[in-house]
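Let's take a friendly walk through this model together.

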Amino acid sequence: MPLLDRHGWRDDPFERLENGLVAAAGSVLVPWAVVAEALASRRPGQALGVEVANDLDPAALRPQLAGLDLVSIVFPSYADGRGFSLARRLRRLGFERRLRARGPLIADQLADALACGFDEIELDEASAGRQPIEQWLRAAEAFTANYQRGYATTESILERRRARRNAPDRETAGAF
Amino acid sequence: MAKPNQPPLPSILIANDLLDGEVLFRTVSGWSPAVADALVAEDLATARQLEAEAAAATRRQEVVDAYLVEIARDAAGRPVPTHYRERIKTLGPSHRPDLGKQAAEAPAAGR
Amino acid sequence: MYRYDEFDERFVRERVAQFRDQVARRLDGSLTEEEFKPLRLRNGVYLQLHAYMLRIAVPYGTLSGRQLRQLALIAERYDRGYGHFTTRQNIQFNWPKLRDVPAILDLLADVEMHCIQTSGNCIRNVTADHFAGVAADEVEDPRPTAELIRQWSTNHPEFCYLPRKFKVAVTGAEEDRAAIGVHDVGLRLLRHPETGALGYRVLVGGGLGRTPIVGKVVREFLPKAELLAYLEAVMRVYNAEGRRDNKYKARVKILVHELGEEEFARRVEAEFAQLDGPSINADPEEVARIAAYFAPPAYESLPARSARLEAAKATNPALAGFVTTNVFPHRVPGYAAVTVSLKLIGGAPGDATAEQMRAVADLAERYSFDELRVSHHQNLVLPHVRQDDLPAVFAALAAAGLATANVGLVTDIIACPGLDYCALATARSIPIAQSVAERFRDPVRQQEIGPLNIKISGCINACGHHHVGHIGILGLEKNGIENYQITLGGDASEKTALGERLGPGIAAEEVPEAIERLVEVYLAARGAGESFIDTTRRIGLEPFKAAFQSFARKEVQDAAA
């Protein structure tokens, strides 16, 4: 399925498997139900990803996180924002590898996804066919800055105000 | 009452213009802002055609919220929705006779 | 009032550009209607019966004269010459064209306004006490808090795809004029009983609609500086765990109810404990920066009583009556807050024409430090008027047809737009309000009846707050006809209570007479100086039920005969 990130379309190195028997040699993505089996049977150096529902308790994923190269969170519809909170919680648990949102998202959500800690979005063909990549990249840059602190994109407006306050004068602030 | 999945009869197809929001009625050949112009489906086959047209016009980005509305005929033979909600939709706000279709705004007065 | 800095200004301009782009993508087929609908809703664009509707945010109900003039201009240029002030302190226009919305947003941005999150499953426009900064019973002006929340909730990357809408109200006063008990989150500014530090009592899970519930206290005292981190915790618990299987059970009130308030509070506290407050909360300088915009205006030193006003009242009974009903005491001697009633007998509750908006803007600029409020009672407020100027303000209001002296009385009726405009409505509201107001139009009789809040909703979603009306009216459909249920005993104040149904639904034309019967019960039973709601609390529902049901039964028999 089409995969994109903040730079555009990209190839998906992960092969989607329906069970935990890791027959393939390359990177594989398996359902949550078989993650234990997959972790046990993976070959040395083989990248492993797991796909989870958006209502998974992050604590359940915690013991596996260190062994995973990708977590893909399913968005049943673009209006279901649970995946954003799950992504935040997984990042808080220290997961630093690839985080994917999978589902019928829309271009305007790329910025939200990145801010909540996702790296990439996997779309179905219909959504990707209607929304050219230029729309995603344009939408991701719609706002120079947001108001919320602690989200993983550009400096928030509150940080920018603080920088402005702490600068000796406006000229200096502009120069940095 | 129409049965489930059965269009109401007789009925007309009502929708809002996508860009303007104005209430429109499906005619033999297109859309009209006047309910008197509406094509009335008296039989199931015509109603099914109107339903198909509702889906097609929605896909063509012409209208939104297109659906069939059951009607009766007034003394002059013009279609009048049987439900008060749809009657208000074809007329305008009931407390403001100066607004909406009931005001019969002259075309020159419109924007 | 708050003024945009360069960051706010750029943000709002970028939001307009984003919406323009979203409309273009809808029109070129990139977005389906199903995809576009939540986007347009999040920018206040609804599809109503006759046309689109645009809901404009009036953050915590505060406006300047310039802003109100711009709304008048939009009403004339892009609408039908009027606007409707809502129970959430916003204004909505009923006839805009979708193609014109981006241009309207440009005009709004020119005066530091927007339509952001006035609808959709996100954190909505934050409301506050309309007498903020005026009332003597206030610990602190709630508007800096509301502005901080407005900014924090705007375009939140995590919380714009919630299970359902989310409404926040803030008050800093003892008397609750912001109805915080019926909001998803209600905040009450208070001082810690021991330390004297400022903080918030936090209520979660109030709401009206299909399942009316009064909010529960989940935090008795939250230090002021920790507000945003605590709200983030509340929102994350709700976003992750709120029900999405049934839209009628998706509000946070249902989650609080199903988990129980202790368990809900425990989950919020567990989340809150994991958050790094200093990296989330606004720093004290930012809080102070916002608060500075709400510093009191340059009041004059005046005597507490205005001799000029007293003299004018003595010769002008209409002025005296107006002062009794529409003027609220001000914390500063010699000043008063004036409520401009948008409940003209025969008008639509909350509607104002462009001319009326300009007339009020003039008065705000001339007499009220260029400041206005929109109340959730769908009226306007001139918050800081010198008592000496009240005769002149009254005369100007009278000339503009805006001197209706009925604030808080039986004809000051809250009503949603109902089926005359709204695609969700099941029955009309405005004609009901008009017929009840017509019945009680005599100003002497209104004074005699005293404070009585009637609130009308045209469907179960309860935009007209009927559950918390002293008398509530809910319009439904029954056998293809409009039918109205009457409730009694609701209260939106700090004594929050939900009204109870008196009996079977009645027809539209029977509503004024039914209200009349209830008023008769009250007048016969009341003690000296006892208000309608106090009497209902004292004598209970039964006498009202009996009178109502004997009336309703008779109507049914007459109809059958």
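No contact joins chain A and chain B, and their closest C-alpha atoms lie 13 Å apart. Here, two residues are in contact if their C-beta atoms, placed from the backbone, lie within 7 Å. Of the two pairs of chains in contact, chains A and C share the most contacts.

A word on the model itself: it is predicted, so local features need pLDDT of at least 70 and side-chain atom pairs count only at pLDDT 80 or more, while totals for chains, interfaces and linings use all residues. Residues are numbered from 1 along each chain as its sequence is written, and chains are lettered from A and ligands numbered from 1 in the order in which they are written.

Now turn to chain B, where 22 residues are in contact with 22 residues of chain C. On the chain B side, helix H2 (84-91) and strand S4 (63-73) each give two or more residues, and H2(B) gives the most, with four. Helices (H or I, at least four residues) and strands (E, at least two) are DSSP runs, numbered from the N terminus.

Elsewhere in chain B, strand S1 (residues 11-17) pairs with S2(B) in the antiparallel sense over three bridges; strands pair if DSSP finds at least two bridges between them. B:Ala15 has B:Leu24 as its bridge partner in S2(B). The two strands form a hairpin with five residues between them, and B:Gly21 in the turn has a positive phi of about 85°. S2(B) also forms a hairpin with S3(B), with four residues between them, and there B:Phe25 has B:Ser32 as its bridge partner.
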